[in-house]
Amino acid sequence: MIIAALFVLNCVLSTIRADPSAYGDHALAWRPVSSLPDELRDLGVRALIRHDAEATARASADFGNMSVDVDVPAAVLYPSSPDDIAALLHASSARPSPFPVSARGCGHSIRGQASAARGVVVDMPSLGRLAAGPATRLSVSVEGRYIDAGGEQLWVDVLHASLAHGLTPRSWTDYLHLTVGGTLSNAGISGQAFRHGPQLSNVQELDVITGLGEKVTCSKEKDRDLFDAVLGGLGQFGVITRARIPLVPAPARARWVRLLYTDAAALTKDQERLIDVDVEIGTGAVSGLMDYVEGSVLADQGLAGSWRSSFFSAADAARVAALAKETGGVLYCLEGALYYGGAAGSERDVDKRLDVLLRELRYERGFGFVQDVSYSEFLERVRDGELKLRAAGLWEVPHPWLNLFLPRSRVLDFAAGVFHGILRRGTTGAMGPVLIYPMNRNRWDGEASAVFPEEEELFYTVGILRSSVPASSDGGQQLRLLEEQNEEIMRFCEEAEIECVQYLPYYAGQSGWEKKHFGPNRWARFVERKRKYDPKAILSRGQRIFTSPLA
């Protein structure tokens, strides 16, 4: 039994360094019961481990809300320091039949990927709650221009800690209420990635605990292979307990822009001009003027019914809906931001840049919308939408999201087949943004574990981020329709020979990961790193990439 195996931890975790009340409401809900095994009662980590149904069920839940057949973990560890995690992994590794261990931050995953069936889930936020003090888990060096952030820290807290010193990281995700370790284990992308690369390309140093329970500080200069493996490694090689993120002087404000287009070709052409890709002679006036470049697809009820359209006034939303009706029901939106104030130039300078953009870009005249917000308000814009959805009871619902990376040469074929075809034919009534924007391949680190298209200098990300009503409302009918539509999109790409790569992927087993995601060369390297840093396949089995023992 897994609980009996945890007795090994008594040798290395003989003292409790924190008051159990520091665990917050989740831990306080636990009460010892008579069935608690004697060996667990005697452990020095007694206050750090829960195995009750409430704790294990919570550790199995995730943002996807589609995990109906996921086996719950046997226990949840609430670590007070990285040493607790190292001890747990060492104890598992020492057993002839190791138990699985998964690190869970905010649970912003799908289908139980952050769970550990009949194993132990590590509640990473406990590191921040139980540490000796907040400064030990989130510390800014003004002189060194970096921030040391615990793997459990939220990016929104990284933002505010940095801004307190007039500094900021360069690369972000659109949603900041995610953990540092979580996004670095995938990639971490947003509208700044065209210039600075994903978040995994903006890390100086990591503290990692491998599947063997070894604590390693790594960087491009020290233990480089582990450093590269963990970044984008989907939690397969180690648990990130600290990341050193470089900082730059922060702007104060953002001129937030949305411009509407009636066809994908005009949108993508302007996006590519903005990120300075294959700029034609005489059209380079806009390259580099925006600090953030994204885009989205607006269709049907998504035009005015989505929380994202709060950017528009009621009158403007009506005009947008009328334009969409005139042009067949689909519009495109270029979303961008120009930073200014603080270290980023004057208001007069941003006014000039905006004038050039509004003159040179090929959007529908009369459908340009501008807001002026603080830098932090712009970066936290998705949080406002989350709060609206929570208030309406529409946040903790199924999220059958589909995220893809597409080669630049096929993005218009995809738009015609999917945006104007599959999504139009198969109306589901589901809400949620559909994103589309380009990134430069040379801003991505090819040595990291993340997979992205490498054949062309530019690739697009497409995020079809829809929500379903709860299964209790319709018996799961809408969720099934959305999942079937996602499958139809993937079949379309295969039949049209569009070589796309899933971002934040899910596959049911190793074969899908090997053949559809990694491909032979990247798979061989991924397996080699797994054998080196987690040879007993203890970590993140919920991803269903590897089984134990390794084949």
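What share of the contacts in the chain with a separation of 6 or more is accounted for by residues 24 or more positions apart? The figure is 75%. Keep that in mind while going through the close-ups below, all taken from a predicted model.

**Figure 1. The whole chain, before zooming in.** There are 551 residues here, and 57% of them count as buried. Along the way the chain forms 19 helices and 19 strands.

**Figure 2. An open sheet built from eight strands.** Going across the sheet, the order is S15-S12-S14-S13-S17-S18-S16-S19, with antiparallel pairing. Strand S15 (368–374) and strand S19 (501–502) sit at the edges, and each has a single partner strand, so one side of each has no neighbour in the sheet. As a bit of background, strands of a sheet pair through backbone hydrogen bonds, and they can do this parallel or antiparallel.

**Figure 3. Strand S13 with a partner on either hand.** S13 covers residues 292–299, and seven of its eight residues are buried, so the rest of the structure largely encloses it. Strand S14 (residues 330–340) runs antiparallel to S13 and is joined to it by eight bridges. To find your way along this pairing, look for Gly 295, which stands opposite Leu 334 in S14, and for Val 293, whose bridge partner in S14 is Gly 336. S13 also has two bridges to strand S17 (residues 434–440), again antiparallel. Here Val 297 has Val 434 of S17 as its bridge partner, while Ser 296 is partnered by Leu 435.

**Figure 4. Strand S17, buried from end to end.** Seven of the seven residues of S17 are buried, so this strand too is largely enclosed by the rest of the structure. Val 434, Ile 436, Pro 438 and Asn 440 point one way, Leu 435, Tyr 437 and Met 439 point the other way, and all are buried.

Figure 5. Which residues of H7 are buried? They are Trp 155, Val 156, Val 158, Leu 159, Ala 161 and Ser 162. Their cover includes strands S5 (138–141), S6 (146–150), S7 (167–168) and S10 (238–246), along with helices H8 (180–184) and H14 (375–379). Ser 162 has its place in H7, which spans residues 155–163. With 0% relative accessibility, Ser 162 counts as buried, because anything under 20% does. Setting aside neighbours within four places in sequence, Ser 162 is in contact with Val 140, Ile 147, Leu 167, Thr 168, Pro 169 and Leu 247.

Figure 6. In soluble globular proteins, nonpolar side chains tend to be buried together. The largest nonpolar core in this model has 76 residues, and Leu 184, Leu 206, Phe 378, Phe 405 and Trp 444 have the most contacts inside it. Helix H19 (residues 510–533) gives this core its largest share, six residues. Another core lies apart from that one and has 45 residues, including Val 356, Ile 436, Leu 458 and Cys 500.

**Figure 7. The second largest pocket.** This pocket has a volume of about 700 Å³. Its lining is made of 26 residues, and those nearest its centre are Arg 104, Gly 105, Cys 106, Gly 107 and Arg 390. Helix H6 (125–130) and helix H15 (381–391) each supply at least two lining residues, and H15 gives the most, with three. Sorted by class, the lining has eleven charged, eight polar and seven nonpolar residues.

**Figure 8. The second largest cavity.** Rolling a probe the size of a water molecule over the atoms shows where empty space is left. Five cavities of 30 Å³ or more turn up in this model. The second largest cavity holds about 80 Å³ of space. It is lined by 13 residues, with Asn 186, Ala 450, Val 451, Tyr 503 and His 517 the closest to its centre. What classes make up the lining of the second largest cavity? Eight of the residues are nonpolar, five are polar and none is charged.

Technical notes. Residues are numbered from 1 along each chain as its sequence is written. This is a predicted model: local features need pLDDT of at least 70, side-chain atom pairs count only at pLDDT 80 or more; totals for chains, interfaces and linings use all residues. Side-chain values use heavy atoms; hydrogens and water are left out. On a 1 Å grid over the protein atoms alone, a cavity is a set of points where a 1.4 Å probe fits but cannot get out, and a pocket is an open set with protein on both sides within 12 Å along at least five of seven lines; lining residues have an atom within 4 Å of a point. Grid points are joined across faces, edges and corners, and a volume is the space filled by probe spheres set on the points. Helices (H or I, at least four residues) and strands (E, at least two) are DSSP runs, numbered from the N terminus. Ala, Val, Leu, Ile, Met, Phe, Trp, Tyr, Cys and Pro count as nonpolar, Asp, Glu, Lys and Arg as charged, and the others, Gly among them, as polar. Buried means under 20% relative accessible area, exposed over 50%, partly exposed in between (1.4 Å probe, protein chains only). Two strands pair if DSSP finds at least two bridges between them. A nonpolar core is a set of buried Ala, Val, Leu, Ile, Met, Phe, Trp, Tyr and Cys residues joined through side-chain atoms within 4.5 Å. Contact means heavy atoms within 4.5 Å.
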